[in-house]
Amino acid sequence: MKSCWYPAIIAAAIGLGSGAALAQPWPSKPIRAFIPFAAGSATDIVPRALFEPLGAELGQSIIVENRGGAGGTLGMGAVVRADPDGYTILANSSAHTVAPWIVPNFPFDLTKDLSGALMIGQNANILIVSPAKSWKTVQDLVAAAKAKPGSINYGSAGVGTATHIAAEKFRIAAGFEAVHIAYKGGAEALADILAGRIDFYYCPISTALPFIVDKRVLASPRARRRGRLNCPMCQHRSMPAIRTPT
C-alpha cells in the first residue's frame, strides 16, 4: 500500500485565453497564490520554493496566503470566488480530488470552476511516532491499539487529505480502532507528535526527514510487502526507525 502527496498548481482563471486576458501582457501585476493548508506543511513548503524563482522569472511578485481549514476547501473556495483573470492560483495537494466526495453539499465544481496547470512534485507519506511511546515495531502499535480499543489516536492535515487516507488504510488493514484528530495543516500534527499528544501520524517524508535524522521521531522503515501491515515506508534504512520484523 502506497500513498503519495501530489501537490499541483491550479489556475482559477478559466477564461484566461479570452480576448480581454490577452489584451495586455501577462503578468502585469502581482499574482496571488492560495495554499489551503497551514504554513510549514509539505503542501506549503514545496510551492513556496517554486514561487520565489518563478516570480523573479515573470518579473512579478507572487503573494502567498495560507487559508487552511475544512480539508483544504476554504482555500479552494477563495480561488473559485476570485476574478477569473489569471492572477489567482491555488497550490493544493491531492485532497482536492477527494473533497467533493466527502464534504457534504460541496459548494463548487472543481472540473468547471478551476483549470489545472501543472503538478510540481510528489512525496511519500511515512508512519511516525514519538520516541516517548513504548512502541518499537508497527506490531507494537497495533497490539496496543487492539488491547484498548479506541485508546489510540492519530493526526492528519485535515479530513480527506493524503495523511488522513493513508492512516485510515493502515488502520483498517491492521484491524484496530483509532480516534482521528484533524488539524488545519501538517505542521500542527507534527508538533503534537513531537510533544507526544497524538500517537501516530502519516507525515510527508520531506517534512519528517529532519526530525527522523535528529531522532526526535521514530519512523517505519521500508519493509517487505508481507501481511496486512504494509504502509508507505521510508527508504532511508540508516535512520532510527520502528522496526517491522522480516
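In which helix is the place of Pro100? Pro100 sits in helix H4, which spans residues 95-102; helices (H or I, at least four residues) and strands (E, at least two) are DSSP runs, numbered from the N terminus. This is a predicted model, in which local features need pLDDT of at least 70, side-chain atom pairs count only at pLDDT 80 or more, and totals for chains, interfaces and linings use all residues. Residues are numbered from 1 along each chain as its sequence is written, and side-chain values use heavy atoms, with hydrogens and water left out.

The protein chain has nine helices and 11 strands. Of its 246 residues, 48% are buried, where buried means under 20% relative accessible area, exposed over 50%, and partly exposed in between (1.4 Å probe, protein chains only). The chain exposes about 11800 Å², and carbon and sulfur atoms supply 55% of that area. Accessible areas come from the Shrake-Rupley method with a 1.4 Å probe; for residues, only the protein chains shown count as cover. Among contacts (heavy atoms within 4.5 Å) between residues at least 6 apart in sequence, 77% join residues at least 24 apart.

Confidence comes next. The average pLDDT, the predictor's confidence in each residue from 0 to 100, is 80 for the protein chain, and 80% of the residues score at least 70. Over residues 1-6 the pLDDT is below 50, and this stretch has 33 contacts in the model beyond near neighbours in sequence. Residues 13-18 also have a pLDDT below 50, with 15 contacts beyond near neighbours in sequence.

Two strands pair if DSSP finds at least two bridges between them. E3 (residues 31-35) runs parallel to strand E4 (residues 62-66), and five bridges join them. The chain crosses from E3 through helix H2 (residues 42-58) to E4, and this β-α-β crossover is right-handed: with the strands pointing away from the viewer, the path from the first strand over the helix to the second runs clockwise. Arg32 stands opposite Ile63 in E4, and Phe34 stands opposite Glu65 in E4. E3 also pairs in the parallel sense with strand E5 (residues 88-92), over three bridges. There, Ala33 stands opposite Ile89 in E5. Four of the five residues of E3 are buried.

Back at Pro100, the relative accessibility is 32%, so the residue counts as partly exposed. Not counting residues up to four places away in sequence, Pro100 touches Phe106 and Leu110. Pro100 and Thr73 are 27 residues apart in sequence, and their C-alpha atoms are 9.2 Å apart.

Pro131 lies in the loop between strand E7 (123-129) and helix H6 (138-147). Pro131 counts as partly exposed because its relative accessibility is 34%. Leaving aside neighbours within four places in sequence, Pro131 is in contact with Lys215, Arg216, Val217 and Leu218. Leu218 is 87 residues away from Pro131 in sequence, with 5.9 Å from C-alpha to C-alpha.

Another loop, between helix H8 (186-194) and strand E10 (200-204), holds Asp199. Asp199 has a relative accessible area of 9% and is therefore buried. Its contacts, not counting residues up to four places away in sequence, include Ile128, Trp135, Ser151 and Ile193. The side chains of Asp199 and Lys133 are joined by a polar contact of 2.8 Å. A polar contact is a pair of N or O atoms within 3.5 Å; within protein, one must be able to donate a hydrogen and the other to accept it, and residues adjacent in sequence count only if both atoms are side-chain atoms.
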